[in-house]
Number of protein chains: 6
Amino acid sequence: MFYHTKRLQYEAKPEQPDAVYAHKLQELIGGAWGEMTVTMQYLFQGWNCRIEGKYKDMIMDIATEEIGHVEMLSTMVARLLEGAPSDQTAKAVQDPALAAVVGGMDFQQAIVGGGGALPSDSNGYPWNGRYIIASGNLLADFRANLTAEAQGRLQTARLYHMTDDPGVKDMLKFNLARDTMHQNQWLAAIEELKKDGVEDTVVPDDLLDEEHREHASSLWHLSDGESSDQGGWAGGTAPDGNHEFQYNANPEPLGGMASAPKPEDHLYATYSEEGMLKKAAKQVKNTVT
Amino acid sequence: MFYHTKRLQYEAKPEQPDAVYAHKLQELIGGAWGEMTVTMQYLFQGWNCRIEGKYKDMIMDIATEEIGHVEMLSTMVARLLEGAPSDQTAKAVQDPALAAVVGGMDFQQAIVGGGGALPSDSNGYPWNGRYIIASGNLLADFRANLTAEAQGRLQTARLYHMTDDPGVKDMLKFNLARDTMHQNQWLAAIEELKKDGVEDTVVPDDLLDEEHREHASSLWHLSDGESSDQGGWAGGTAPDGNHEFQYNANPEPLGGMASAPKPEDHLYATYSEEGMLKKAAKQVKNTVT
Amino acid sequence: MFYHTKRLQYEAKPEQPDAVYAHKLQELIGGAWGEMTVTMQYLFQGWNCRIEGKYKDMIMDIATEEIGHVEMLSTMVARLLEGAPSDQTAKAVQDPALAAVVGGMDFQQAIVGGGGALPSDSNGYPWNGRYIIASGNLLADFRANLTAEAQGRLQTARLYHMTDDPGVKDMLKFNLARDTMHQNQWLAAIEELKKDGVEDTVVPDDLLDEEHREHASSLWHLSDGESSDQGGWAGGTAPDGNHEFQYNANPEPLGGMASAPKPEDHLYATYSEEGMLKKAAKQVKNTVT
Amino acid sequence: MFYHTKRLQYEAKPEQPDAVYAHKLQELIGGAWGEMTVTMQYLFQGWNCRIEGKYKDMIMDIATEEIGHVEMLSTMVARLLEGAPSDQTAKAVQDPALAAVVGGMDFQQAIVGGGGALPSDSNGYPWNGRYIIASGNLLADFRANLTAEAQGRLQTARLYHMTDDPGVKDMLKFNLARDTMHQNQWLAAIEELKKDGVEDTVVPDDLLDEEHREHASSLWHLSDGESSDQGGWAGGTAPDGNHEFQYNANPEPLGGMASAPKPEDHLYATYSEEGMLKKAAKQVKNTVT
Amino acid sequence: MFYHTKRLQYEAKPEQPDAVYAHKLQELIGGAWGEMTVTMQYLFQGWNCRIEGKYKDMIMDIATEEIGHVEMLSTMVARLLEGAPSDQTAKAVQDPALAAVVGGMDFQQAIVGGGGALPSDSNGYPWNGRYIIASGNLLADFRANLTAEAQGRLQTARLYHMTDDPGVKDMLKFNLARDTMHQNQWLAAIEELKKDGVEDTVVPDDLLDEEHREHASSLWHLSDGESSDQGGWAGGTAPDGNHEFQYNANPEPLGGMASAPKPEDHLYATYSEEGMLKKAAKQVKNTVT
Amino acid sequence: MFYHTKRLQYEAKPEQPDAVYAHKLQELIGGAWGEMTVTMQYLFQGWNCRIEGKYKDMIMDIATEEIGHVEMLSTMVARLLEGAPSDQTAKAVQDPALAAVVGGMDFQQAIVGGGGALPSDSNGYPWNGRYIIASGNLLADFRANLTAEAQGRLQTARLYHMTDDPGVKDMLKFNLARDTMHQNQWLAAIEELKKDGVEDTVVPDDLLDEEHREHASSLWHLSDGESSDQGGWAGGTAPDGNHEFQYNANPEPLGGMASAPKPEDHLYATYSEEGMLKKAAKQVKNTVT
């Protein structure tokens with residue numbers, strides 16, 4: 001169960017409104033790598049965690065923090081939209097700076113949200129549940145979390161350079177710092193899984209003996225760039241300590257021809273030996289005559 | 001530009017049809033972590049790679065391989081659907097095994113695909129472009145790739161146990177092996193970035209001095225589990241070698257009250273000091289009388 | 001900012017696993033009217049509320065409660081999936097009850113979720129941000145909230161009859177009660193808005209004098225059912241106390257012909273007076289000859 | 001079955017083209033609360049209505065009207081796009097008013113629609129079937145309809161202020177009036193259901209005795225705002241006349257700890273008492289040595 | 001503007017309920033090629049048609065008919081769901097036929113639709129506006145219409161074989177006939193466009209002289225199948241009478257290397273000549289030492 | 001299996017960057033009729049083709065070509081974005097041309113793509129798998145392919161006029177030419193199917209005798225336009241040579257009343273003869289008193 005305090009985790013006060021920036025900031029709320037994603041991803045991972053104790057507790061700590069990040073960003077967007085020229089008609093525009101705003105606003109923030117944030121990204125596409133993963137396998141999921149924090153900080157850093165507003169920049173400096181922390185945190189958690197002996201390097205930590213091991217270490221050279229054999233992935237011991245990288249310089253297919261079986265009659269897939277035969281017969285006849 | 005050979009990268013021949021398994025296998029084709037995802041993710045990353053040479057070449061090698069994986073799985077699905085009881089009515093079913101099939105088929109594989117694979121997942125949801133990321137930052141993207149290969153191998157391993165068919169299992173043993181290789185490959189590529197000095201640990205490798213450093217290393221304890229301070233993430237040096245983890249056991253909000261500014265009149269957000277005053281006045285009057 | 005306790009708002013313990021019911025229960029988690037919807041809808045409404053005080057505070061109270069409902073349902077789903085026959089092949093099924101389970105499971109709960117709940121509905125479609133509304137107008141939004149609680153309780157009531165499990169039913173009895181409370185709560189809040197004089201009956205409470213008043217009270221009879229004039233909507237004073245209902249028994253269109261203007265050349269919309277003329281000329285010529 | 005007349009229900013003639021406004025107007029066509037939504041929602045409700053007579057007939061009357069509203073708006077959009085500077089390149093722009101247009105157009109209206117309306121909203125997101133509800137329960141659905149007309153009129157009112165064009169404003173005055181009518185109509189229909197004794201206040205009108213009644217009337221105070229107990233929802237008789245509101249000022253969770261059961265082996269969820277034990281053993285050993 | 005009669009265009013009465021078939025039939029309602037698609041596609045095409053007269057009138061005739069097809073199918077689905085065992089629990093199933101039904105039902109038809117049709121396809125995915133096209137170019141759009149009627153009749157034919165119910169089959173015989181008519185109708189309309197001289201063979205009928213004509217007639221042989229030169233597309237005069245087909249047996253790329261330019265600094269795309277240089281220097285040093 | 005060469009099929013070099021055009025060009029990459037669609041559509045059709053030989057081989061040739069078109073366009077977008085003013089704030093804009101760019105950019109190309117193309121359309125909506133069809137019936141699918149090439153060339157032609165850049169225009173001249181070729185190619189393939197006797201005119205080529213033939217040739221006149229009887233579709237022999245077109249000038253419905261059956265109790269659909277009776281009784285009583 002959850003409790004809420006109306007105070008924000010960190011201050012979210014722009015010095016001035018900026019409707020175009022409010023449009024861009026939607027990416028950090030409802031984008032694939034935005035705060036709604038980490039909120040929901042960590043909540044479902046926490047609820048679904050099968051080991052009681054430090055892992056589950058840590059996931060729930062950070063999951064709960066992330067709800068508050070959506071709150072900070074939504075508050076910031078509402079404040080950036082104060083006085084937005086929503087009902088300024090394009091043909092009345094006299095000033096280039098206003099023209100850029102009128103052209104670059106998120107119309108739905110006004111028409112749908114009444115001057116507030118939306119659960120959508122910076123292209124107006126709604127956040128959806130396929131963005132998140134909670135697979136039950138902590139190594140696979142911590143890698144997903146590390147990725148989310150990396151992509152999220154990358155986007156925050158890009159947005160940091162798209163504004164001059166000291167208030168916005170102040171909040172983003174907090175967000176950037178939290179993303180730094182969280183990248184370190186998931187890296188540490190990945191190490192912890194290994195130290196605890198619950199997960200190793202390859203996910204999942206099983207079937208390594210059953211799979212076709214001869215295909216588990218070679219890079220197939222299928223594009224004609226000439227340097228793919230020069231990286232650490234083309235030779236030497238693999239990071240799992242268990243395979244030797246190899247380079248397959250001239251790869252040939254190992255399987256037979258791709259083909260689909262004769263279709264069921266009632267599905268009306270095109271298939272007709274007779275049709276082909278009729279055609280062939282006609283051609284023969286034509287040739288003969 | 002691309003060339004194609006009709007031979008499959010690896011054989012994809014089931015011993016017997018199995019329509020329910022063909023339904024489940026859709027996850028590996030059009031799921032969030034399926035082969036369409038890695039195909040498109042690696043292609044866009046390769047085309048968008050800003051460093052010529054080994055990284056770009058390696059990405060294109062593996063991107064090109066993945067198209068062939070969609071091909072293998074689609075071929076397998078078509079073969080698993082051979083003779084599927086698509087037009088068997090439910091009320092005619094006499095046999096439990098057939099009942100499970102009739103109930104568990106993907107109806108669209110017959111009605112829409114004519115007995116073939118679809119670009120959808122095992123719940124019939126279509127693959128979409130928001131599944132992939134090509135951010136231009138190789139460390140952020142290689143972490144996404146490592147995640148995709150981990151989640152993909154995890155799902156393949158789960159599906160491996162959902163069939164007894166030797167032909168299916170043989171193909172999955174190849175797929176499992178490739179996923180092992182690719183996990184190692186992206187791990188090696190992440191190390192390579194560090195060795196080459198082009199990326200470090202935190203993504204992006206910048207703004208670390210500008211962000212609010214005091215908030216870049218503490219775990220906020222916001223859920224009442226009692227063990228989150230027992231992991232490597234709660235103390236000691238962080239994986240980036242640059243921060244000391246801390247534990248914020250009784251976190252207080254740092255910001256002010258969340259609030260949205262007075263709305264624009266023409267957006268009709270509910271806001272009325274007068275309304276509230278009228279009400280208050282009425283209450284006063286009532287009290288007085 | 002938010003805090004979390006690991007204790008559930010109410011107990012969520014099934015007596016026995018039931019994988020098909022776990023599939024159905026997804027509707028209450030990630031469906032259009034599920035708990036993720038009310039969670040996000042109330043959070044965005046609260047953050048975007050322009051009147052400080054009782055309305056905003058009440059919205060945040062209930063918003064915070066709803067996060068915990070997602071938690072309860074997700075926990076219930078994980079427990080219902082314990083021992084689910086995920087890797088049971090269809091052709092091995094000997095028992096009708098098992099056949100129904102094998103055919104009716106949500107494959108993604110196993111393959112993607114590892115035996116846990118997903119942010120999707122009972123057809124596997126992911127929850128998305130377009131389900132929610134936070135318009136800033138409290139009357140419009142409270143009606144949306146009342147609707148959500150009504151549709152939500154309706155679905156919960158339907159699901160209540162789809163199980164015999166006492167543990168599941170016990171939790172649903174709590175959920176049903178909360179939905180009853182919340183329907184009453186939003187109805188009371190709608191009355192409160194009127195009492196406080198901040199909103200009236202028609203949303204938004206403006207432009208009533210500017211709109212074409214003569215069209216604001218008549219039912220246009222456009223389908224040939226014979227009874228639509230027999231309801232309270234076809235005569236008498238309208239609920240807003242401001243209009244008299246009328247019945248337009250034989251409605252005629254008031255506008256001119258629908259037509260689209262001549263297209264821009266470079267858009268290649270089909271448009272050719274010449275083409276038509278050429279054709280006409282040819283026909284004339286043919287007739288003449 | 002349906003018949004069509006080419007005359008519009010009301011005139012839809014702008015005085016001048018306005019491509020940015022054509023972009024915004026998409027919200028009323030294909031948005032979540034646009035005319036496609038009410039069209040489809042009322043049609044499915046009407047077809048699925050289980051009581052013959054006045055309710056079904058009224059629903060079909062209004063459903064049929066709404067198809068014509070999509071027609072009016074689509075016609076308006078095509079006319080607003082006449083002469084739109086679709087092939088004006090950004091770098092050739094000399095005039096701020098034109099800059100605002102070039103930046104703010106809906107590119108798909110030109111590239112995809114050839115200068116016509118699209119079944120999408122003002123952010124280019126396509127209308128979809130999850131927007132509508134036809135549950136079979138008329139009270140639940142009439143509340144949804146009332147909400148749709150309220151949100152729809154709210155958006156229309158906002159758009160009314162975003163144009164100066166007399167022709168556009170004239171059409172919107174008609175639309176606003178119809179939305180007023182329809183809000184009143186659904187309010188009247190909700191009253192009618194109660195008068196007829198077919199539905200009461202809580203949806204559905206059942207299980208009130210079976211649900212946990214002790215939880216059906218209290219507001220849980222889970223956010224620290226101090227005023228949520230000051231509204232009509234925190235005390236007194238509830239709108240259904242059947243419950244007394246209560247205020248739970250210091251709510252404690254009623255359930256046990258959230259937890260997920262031991263996972264199935266083949267799903268590879270992280271779970272390892274042994275792993276934890278091994279780790280502990282190692283630590284002990286280290287300490288000892 | 002539209003009028004409605006409650007009588008169906010054709011009868012829609014199953015002899016017996018069949019809940020699994022009701023699930024499958026959703027494809028014809030809300031699938032990509034279902035009746036909602038042709039309804040909306042033809043309506044938008046008609047409203048957006050730039051030539052007054054026979055084309056526009058014919059499009060509106062058929063568009064209006066299609067609304068009635070959604071009505072017929074929705075009515076059929078509601079009737080097929082009569083008495084559906086929605087609250088039958090899986091573990092109580094004793095009979096294989098019932099097991100197939102319990103496993104194969106569309107849960108949302110009960111939980112969300114209350115026993116009625118949904119605006120979704122047979123996998124529960126909602127209909128959406130990206131399915132339709134109304135480009136303004138009649139030849140391009142009539143080809144889309146012909147395709148829709150072809151795919152639609154194909155799916156109807158498949159579904160025709162999935163039922164034994166005489167009432168269902170009777171309705172489908174009507175639908176099949178209409179689809180035959182409509183395929184012929186769009187083929188005739190395509191011919192008419194040519195006869196009238198408004199469109200020719202290639203869409204759009206322009207830029208043929210401006211495009212790189214030398215690339216407008218050759219088949220690039222990029223897959224190693226050996227027969228692609230044996231069809232009418234590999235030689236002879238093309239259908240537009242304006243090009244001679246050619247076969248490019250050993251195609252070579254015509255462009256330069258794919259590459260992306262140096263990124264902007266603030267986007268943090270990985271790019272570092274220095275990084276690479278440092279690495280190279282280190283390698284040189286290592287070699288030297 | 002696939003091979004890749006890094007050389008582009010045709011050159012993709014703009015003379016100058018143009019960020020707004022890069023936004024528009026997304027339509028040709030990830031739009032419904034963009035290159036991702038034809039790539040995936042042809043690949044799935046080829047893999048699923050049931051006739052070995054010329055058809056399958058030709059499909060695979062063109063499918064493989066299309067992957068390279070996505071490559072060309074993605075490369076072009078990255079180059080058009082070089083130096084895009086992503087971090088230019090709106091309020092600093094002094095120049096109308098820049099204002100148009102700042103307002104009209106695709107924010108995600110910077111924030112998400114780091115200055116590269118996205119798998120989305122020009123409104124930022126992601127490409128998805130429901131755009132494609134691979135039904136197994138070659139005639140139905142070749143019509144879909146012809147449509148895709150027609151709509152694709154139409155959009156390319158529109159975009160051709162939206163730029164003055166010689167490098168962009170040069171590439172589009174190649175694309176236009178390929179689209180001309182591919183329209184001819186699919187038209188030739190449709191003829192070939194007929195010549196070979198494997199498909200005829202109506203899809204699927206079956207059930208023509210079983211369907212209600214009396215309804216397979218008449219145009220129902222359901223809209224009041226006066227010219228729909230003047231086209232070739234209203235009389236004479238139909239294109240299949242097998243039906244005589246007819247014109248149903250005053251169509252009447254053939255079916256009975258649309259109605260839904262009595263609902264199941266536990267679904268709580270509103271249905272109450274008693275309710276209605278009670279109401280009637282009350283009215284009688286009121287009248288009497």
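Student: In this predicted model, what percentage of the interface residues of chain D are also interface residues in chain B?

Tutor: The model is predicted, and totals for interfaces use all residues. The copies meet through the same surface, because the share of interface residues of chain D that are also interface residues in chain B is 100%.

Student: Which kind of axis relates chain D to chain B?

Tutor: Chain D can be laid on chain B by a turn of 180 degrees, with a shift of 0.0 Å along the axis and an RMSD of 0.0 Å.

Student: For chain E and chain F, what percentage of the contact residues of chain E recur in chain F?

Tutor: Chain E is superposed on chain F by a rotation of 180 degrees with 0.0 Å of shift along its axis, at an RMSD of 0.0 Å. The same surface serves both copies, and the share of contact residues of chain E that recur in chain F is 99%.

Student: Which element of chain E gives the most residues to the side that touches chain F?

Tutor: The contact involves 105 residues of chain E and 104 residues of chain F. On the side of chain E, the elements that give two or more residues are helix 3 (54-80), helix 6 (138-160), helix 7 (166-195) and strand 2 (218-220) of chain E. By class, that side has 26 charged, 34 polar and 45 nonpolar residues. The element that gives the most, with 15 residues, is helix 7 of chain E.

Student: Turning to helix packing, are helix 2 and helix 6 of chain C roughly parallel or roughly antiparallel to each other?

Tutor: Two packed helices are described by the angle between their axes and the distance between the axes. Helix 2 (residues 35-47) of chain C and helix 6 (residues 138-160) of chain C have their axes 11 Å apart and pack at an angle of about 165 degrees. Angles over 145 degrees count as roughly antiparallel. Helix 2 and helix 6 of chain C are therefore roughly antiparallel.

Student: How many nonpolar, polar and charged residues does the contact of these two helices of chain C have?

Tutor: Helix 2 of chain C passes helix 6 of chain C in a left-handed crossing. The residues that make the contact are C:T37, C:V38, C:Q41 and C:Q45 from helix 2 of chain C, and C:D141, C:N145, C:A148 and C:G152 from helix 6 of chain C. By class, the contact has 2 nonpolar, 5 polar and 1 charged residues.

Student: In the sheet of chain A, which strands stand at the edges?

Tutor: The sheet of chain A is open, with 3 strands in the order 2-4-3 and mixed pairing. Strand 2 of chain A runs parallel to strand 4 (residues 244-248) of chain A, joined by 3 bridges, whereas strand 3 of chain A pairs with strand 4 of chain A in the antiparallel sense over 2 bridges. One side of each edge strand is left without a neighbour in the sheet, because each has a single partner strand, and these edge strands are strand 2 (218-220) and strand 3 (236-237) of chain A.

Student: Which residue of chain A takes a positive phi in the hairpin of strand 3 and strand 4?

Tutor: Within this pair of strands, A:T237 stands opposite A:E244 in strand 4 of chain A. The hairpin has 6 residues between the strands, and the residue with a positive phi near 70 degrees is A:G241.

Student: In chain B, which residue of strand 4 is the bridge partner of B:W220?

Tutor: Strand 2 (residues 218-220) and strand 4 (residues 244-248) of chain B pair in the parallel sense over 3 bridges. Within strand 4 of chain B, the bridge partner of B:W220 is B:N248.

Student: And in chain D, which residue of strand 4 stands opposite D:G236?

Tutor: The open sheet of chain D has 3 strands in the order 2-4-3, with mixed pairing, and its edge strands, strand 2 (218-220) and strand 3 (236-237) of chain D, each pair on one side only. Strand 3 of chain D runs antiparallel to strand 4 (residues 244-248) of chain D, and 2 bridges join them. In strand 4 of chain D, the residue opposite D:G236 is D:F245.

Note on methods. Residues are numbered from 1 along each chain as its sequence is written. Chains are lettered from A and ligands numbered from 1 in the order in which they are written. This is a predicted model: local features need pLDDT of at least 70, side-chain atom pairs count only at pLDDT 80 or more; totals for chains, interfaces and linings use all residues. Axes are lines fitted to C-alpha atoms, for helices over the stretch in contact, and angles run from 0 to 180 degrees between N-to-C directions. Helices (H or I, at least four residues) and strands (E, at least two) are DSSP runs, numbered from the N terminus. Angles under 35 degrees count as roughly parallel, over 145 as roughly antiparallel, 65 to 115 as roughly perpendicular and the rest as oblique. A crossing is left-handed if the near helix is turned anticlockwise from the far one by less than a right angle, and right-handed if clockwise. Two residues are in contact if their C-beta atoms, placed from the backbone, lie within 7 Å. Ala, Val, Leu, Ile, Met, Phe, Trp, Tyr, Cys and Pro count as nonpolar, Asp, Glu, Lys and Arg as charged, and the others, Gly among them, as polar. Two strands pair if DSSP finds at least two bridges between them. Copies are superposed by least squares on the C-alpha atoms of residues with pLDDT of at least 70 in both.
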